[in-house]
Amino acid sequence: MADFLLAAAGFVLATVALGLVRVLWGPGEVDRIMAAQLLGTGGIAALLLWGEAMNLAAAVDVALTLALLAAFISVAFVKASTRSEADEA
Amino acid sequence: MTLALDALTILAVSSGAVFFLAGTVGLLRFPDALSRLHALTKADNLGLGLIVFGLLFQMKGPSAALKLVSVWLLALLAGATVAQLIAHAARPGEPRQ
């Protein structure tokens, strides 16, 4: 079972890493932040799979932190890209 | 019994991995930002959800399972919020500042 979970973690990580090509391509800032968002979610999934395969309970805590940080990235991005609009309101 | 649980895990985790693949392919292949966001949210919600669901069958106790579900719920809540915010930022016709 551990082998399967490890393979699944590697697969998920490889696919989201492939998605990072979108960071290079763009064209908009939004597209780039979406690739980062996908990496965040994929990282959470890979961490959970890896933690279960390795029998490491602490991996769930790391995944929880990553979930929190991944949310902050996008919120900070949107906040920064629409700042002047918000200031006017 | 263990065999059945393992089979359920393999089924759900594999489905989740397929959703991650689909999300990545969508992110790379879809023509505009909003449809790419659509692909991304599928990977976020269903991909992670199915993987967490699959891992639930391997949990030893209810507290570990509850924690795993809470990770997914946080990711779901954050993903839904972020998708709305990004869609607002990506809306065509609106001047981006």
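Among contacts in chain B between residues at least 6 apart in sequence, what percentage join residues at least 24 apart? The share is 60%, where two residues are in contact if their C-beta atoms, placed from the backbone, lie within 7 Å. The model is predicted: local features need pLDDT of at least 70, side-chain atom pairs count only at pLDDT 80 or more, and totals for chains, interfaces and linings use all residues. Residues are numbered from 1 along each chain as its sequence is written, while chains are lettered from A and ligands numbered from 1 in the order in which they are written.

Chain B contains three helices and zero strands, and its elements follow the order α-α-α from the N terminus. Helices (H or I, at least four residues) and strands (E, at least two) are DSSP runs, numbered from the N terminus. The radius of gyration of chain B is 16 Å, well over the 13 Å that the globule rule gives for 97 residues, so chain B is more spread out than a compact globule. That radius is taken over C-alpha atoms, and the globule rule is 2.2 Å times the number of residues to the power 0.38. Along the principal axes, the C-alpha atoms of chain B fill a box of roughly 55 × 25 × 10 Å.

At the interface, 38 residues of chain B are in contact with 42 residues of chain A. On the side of chain B that touches chain A, α1 (2-29), α2 (33-56) and α3 (62-90) of chain B each supply at least two residues. The largest share, 13 residues, comes from α3(B).

The largest nonpolar core has 51 residues, and those with the most contacts inside it are A:I44, A:L48, A:L49 and B:V71. A nonpolar core is a set of buried Ala, Val, Leu, Ile, Met, Phe, Trp, Tyr and Cys residues joined through C-beta atoms within 7 Å; a residue is buried if 20 or more other C-beta atoms, likewise placed from the backbone, lie within 10 Å of its own. Both chains contribute: α1 (2-19), α3 and α4 of chain A together with α1, α2 and α3 of chain B each supply at least two residues of this core. Its largest share, 14 residues, comes from α3(A). Not counting residues up to four places away in sequence, A:L49 touches A:L5, A:A8, A:A9, B:V13 and B:I51.

In α4(A), the buried residues include A:V60, A:L66, A:F77 and A:V78. Their cover includes α3 (29-54) of chain A together with α3 of chain B.

Notes: A residue is buried if 20 or more other C-beta atoms lie within 10 Å of its own, exposed if 12 or fewer, and partly exposed in between; C-beta atoms are placed from the backbone.
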